[in-house]
Amino acid sequence: MRYKILMTLMGLEIGGAETHVVELSKELKKQGYDIIVASNGGVYEKELADVGIRHYKVPMNQRNILKMIKSYFLLQKIVKKEKVDIVHSHARIPGFICGRLQKKMKFTFVTSAHWVFYTGMGLKYLTTWGQKVIAVSEDIKQYLMDNYRVRNENIFVTINGIDTDKFSPRTDGTKIRKEFGLKEDVPTLVYVSRMDESRAMVARQLIEITPKLVQKIPDLQILVVGGGDVYDELLQKSKAVNETLGRTCITMTGARTDINELVSVADVFVGVSRAALEAMAAGKTVVVAGNEGYIGLFGADKLDMAQENNFCCRGCEMSSEEKLYQDLLYAFCNMTKEEREALGAYGREVIFQYYSVTKMAQDSVKAYDAAWKESHEKQYHVVMSGYYGFNNTGDEAIMLSMHKNIQSLGDNYHITVLSNKPVETRDKYGIEAVYRFGVRDVLKAIRESDALLSGGGSLLQDSTSTRSLMYYLSITAAAKFMRKKVMLYANGIGPVSGKRNRRLVKQVVNKADLITLREENSYEELLNMGVNPKKCFVTADPVFTMDGISKDEARILLEKEGIPLDKPLVVVSVRNWKDMDKFIARFAQLCDTIIEKYDRNIVFLAMQMPNDITISEKVKKKMKQQAYILQTTFNPAEVMGIISLADFILSMRLHTLIFAARQHVPLVGFVYDPKIAYYLDKLEMPSGGDLKTFDMEQTLALVDDIMQHKQKYVETLAQKADMLNQKAHRNEKYLMRLLEKQK
């Protein structure tokens, strides 16, 4: 769909954000979108008019109540008259006004974040973000999530797109040289920035070091481009320097729109953000420096750092006269013309690869499409409650599998997870999360949702503690009190031993709208408690739908851990449990025998840190042969990839067994809980028995059978894992029916 888009910004004077909007508008116009711009106006109005983009003058350039009210009513008329599809705001004041207007007119609303805003004096609460937000760098995306709690899924990261025809090594600078009396064969430095107090620190530094630079570069000529609130002050300083030098070394041009021609005369360019990118597109040697930091002479070694903050230098060391002097001296005196040209050519390649104006427009269109779809389709919001954020690989795998499967239902499904470490969950997996013990945040998330999912794992049990059981029951009860749909999603139930606890489970779970269970044992347990069987359906653990990293990637991880790959691996996963002492000694003997008899390397894999490391070390200490323990916390996909390299698996952990089944790796399970026995039976894989009755010789016979008939085990697992994968996918289908029925 070719939308009619209203761009709103403060003004159209010289500036990075302003240039961004102009270039974006021109490119979208070229692609067939109908673009209108509203602002307080400025020098770029003519450039927009030349390509047929209409501009409305709206005074959104000041925090003046009367002007803001006037802007509100002017924008209301524009939206009605032009029949606008999407409003795209590019600064705090336009965003605030359009945000108020959107509540009334219900248009699709997108905002861009070009920089980080001051959040003090209550201004944070006057900042309005659209349905979707376009951030011009990853660090601004992080800022939006940290300071404004904008959802990860609602942020689209773009770049400052550069017109590589306009900014090109072929651009003719003859007119500029003639205007300012610049000699062609004389070293020339060009600096471009707004001359505002908040932007002009490097301009000050450059003027201060000019006499020192001229001592080493006698013919140096400098153009300082830009206007602003400290322009007159800096002009006087530059005149004083020129007077001292006895010639015009520094030329202050004021505000200009012909930046491409001004840049074309530079041998070396100094600037930041969009100005630096434009100079790179023109093939110039660039020193990246600004008010927020200093990157310095740009080359391949600085690319990652520069991209992280969109060439704005946020988070970098601060600029100083000495740093600037040393880099400029090196560029002019130590580098040959050919070396500067090579560095400039690399910069232009970077622009073509990462910063084309076409890509910038494509990124914006993705945000428009997502926002339009959100405005015109039913939206479903669900909260996932489970044992998430506790460094338990199995539960993290459940969370990721559930999230992936629900997200596959469509972009109109939105998920918030209750996590013990919400920041880590968000940063590591890109999943929206709130602190599971933050009462206000949890209740807010549930209140804004359509359904609560009590998600995966053995949540309803009192074997670890009654407190844990009470937590999950209270979350469910709170959701029902707020009249939300509740689904127990692929739960394992029990054991619940206390009579009072069993009555509470029956009372709360009977209020759930839908219950899916990962095994028949759990179904029977709920029925024994008196839960309504009509609500209950047996599916399978969501982790049967998960994928791991490739074997090549897994080998790299093991090599980094110092695990030798000269022999086949046997992966071992143990956990702490009651009365483990005898089991540990006999299990260590089993591991030693496998190494001696089959010439394998034993690798202990921790599914929960640091608990499983502790028990693994206890087993290893009892062993006579060399074994290895993976000390790194791997994510679930990495764990599954590591397991794919194993010859076979020995495990007490349920999700190690499921990972192995998913990768068709033969396994022997050791039963500490009925869920282990259930899935060993389902997978038709051998059991090493109960921990208390563990028989080393009997287990060794099972290993012998795996070694002799490995292909049979692989084929069985392939068949069973596929069947359980299909059953696991029924979970999200049940959820979809529940939500669509609700709407």
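Phe587 is buried in the predicted model, with a relative accessible area of 0%; buried denotes under 20% relative accessible area, exposed over 50% and partly exposed the range in between, with a 1.4 Å probe and protein chains only. Phe694 also counts as buried, at 3% relative accessibility. The model is predicted, so local features need pLDDT of at least 70 and side-chain atom pairs count only at pLDDT 80 or more, while totals for chains, interfaces and linings use all residues. Residues are numbered from 1 along each chain as its sequence is written, and side-chain values use heavy atoms, with hydrogens and water left out.

The structure holds 25 aromatic pairs. Rings of Phe, Tyr and Trp (its six-membered ring) pair if their centres lie within 6.5 Å; planes under 30 degrees apart count as stacked, over 60 as edge-to-face and the rest as tilted. Phe587 and Phe694 form a tilted pair, at 6.3 Å centre to centre and 50° between the planes. Phe587 belongs to helix α22 (residues 581-598) and Phe694 to the loop between β26 (687-690) and α27 (696-708), so the pair ties together parts 107 residues apart in sequence. Helices (H or I, at least four residues) and strands (E, at least two) are DSSP runs, numbered from the N terminus.

The pair of Tyr678 and Tyr679 is edge-to-face, because the ring centres are 5.0 Å apart and the planes stand at 90°. Tyr678 is buried at 10% relative accessibility, and Tyr679 is buried at 1%. One aromatic cluster is formed by Phe298, Phe311, Tyr346, Tyr354 and Tyr355.

Charges over ring faces were assigned where NZ of Lys or CZ of Arg is within 6 Å of the ring centre and within 35 degrees of the ring normal. Arg100 lies over the face of Phe96, at 4.6 Å from the ring centre. Arg436 lies over the face of Tyr471, at 4.2 Å from the ring centre.

Four cavities of 30 Å³ or more are found in a search of the whole structure. A cavity is a set of points, on a 1 Å grid over the protein atoms alone, where a 1.4 Å probe fits but cannot get out; lining residues have an atom within 4 Å of a point. The largest cavity has a volume of about 110 Å³. Its lining comprises 14 residues, of which Asn391, Glu396, Lys428, Tyr429 and Thr633 are the closest to the centre. α15 (393-407) and α16 (422-429) each supply at least two lining residues, and α16 gives the most, with four.

Terms used. On a 1 Å grid over the protein atoms alone, a cavity is a set of points where a 1.4 Å probe fits but cannot get out, and a pocket is an open set with protein on both sides within 12 Å along at least five of seven lines; lining residues have an atom within 4 Å of a point. Grid points are joined across faces, edges and corners, and a volume is the space filled by probe spheres set on the points.
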